[in-house]
Amino acid sequence: AMVSTQSTGAKACFETLLQFSFYEASSGPQGDVSKMALGTLLKRCQEVLRNYVKDEKLSGRCPLPRSRMAEIAFVMRAISSLINSLQARRDKMTEIDVGVWNHVVELYPFLIDCITCNSHEVRETLKEALHQFRDLLVPPTPR
């Protein structure tokens, strides 16, 4: 129950961050802070993906702790959520949105590395994230 509560809270925080990051009037200091936070979050997602694959290989047949499983599943869902947000804004893209778009595309190789993960839950959330990438194959044009 604790993991799902944390996951729900983390998802709410992430979605709030997305709303602030894509808020039309978010120029100025508030917009800059939310863009930096989103960039930092995407770097953290990349780190979580890389470490999960590495640690799972090192652990052999021993499963990783539930907290790590919850973390990787959250990262996959966060990536899917971010791609959905970008898609919803496709017609209103700004230069900053294109930068975020590029950061998300850079996560793709790290997601591919997760294909060999042992966990069914990880593979299911990975599948969702990879399906979302279909929409990123054609980059938007900034206005």
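Is Phe133 buried or exposed, and what is its relative accessible area?

Guide: Phe133 is buried, with a relative accessible area of 5%. Buried means under 20% relative accessible area, exposed means over 50%, and partly exposed lies in between, using a 1.4 Å probe and protein chains only. The model is predicted, so local features need pLDDT of at least 70 and side-chain atom pairs count only at pLDDT 80 or more, while totals for chains, interfaces and linings use all residues. Residues are numbered from 1 along each chain as its sequence is written, and side-chain values use heavy atoms, with hydrogens and water left out.

Phe133 has a ring partner. The structure holds 1 aromatic pair. Its members are Tyr108 and Phe133, with ring centres 5.1 Å apart and planes at 55 degrees, so the pair is tilted. Rings of Phe, Tyr and Trp (its six-membered ring) pair if their centres lie within 6.5 Å; planes under 30 degrees apart count as stacked, over 60 as edge-to-face and the rest as tilted. Because Tyr108 lies in helix H5 and Phe133 in helix H6 (residues 120–133), the pair ties together parts that are 25 residues apart in sequence. Helices (H or I, at least four residues) and strands (E, at least two) are DSSP runs, numbered from the N terminus.

Tyr108, in turn, is partly exposed, at 36% relative accessibility. Together with Ile112 and Ile115, Tyr108 forms a nonpolar patch on the surface, with about 240 Å² of accessible area. Accessible areas come from the Shrake-Rupley method with a 1.4 Å probe; for residues, only the protein chains shown count as cover. Patches are made of residues with over 30% relative accessible area and no salt bridge; like charges are joined within 9 Å, and nonpolar side chains (Val, Leu, Ile, Met, Phe, Trp, Tyr) within 5 Å. A salt bridge is a side-chain nitrogen of Lys or Arg within 4 Å of a carboxyl oxygen of Asp or Glu. Ile112 sits in helix H5, which covers residues 108–113. Its relative accessible area is 32%, so Ile112 counts as partly exposed.

Salt bridges do occur elsewhere: the structure holds 6 of them. One of them joins Glu71 and Arg44, whose closest N and O atoms are 2.8 Å apart. This pair links distant parts of the chain, with Glu71 in helix H3 (residues 66–88) and Arg44 in helix H2 (residues 29–59), 27 residues apart.
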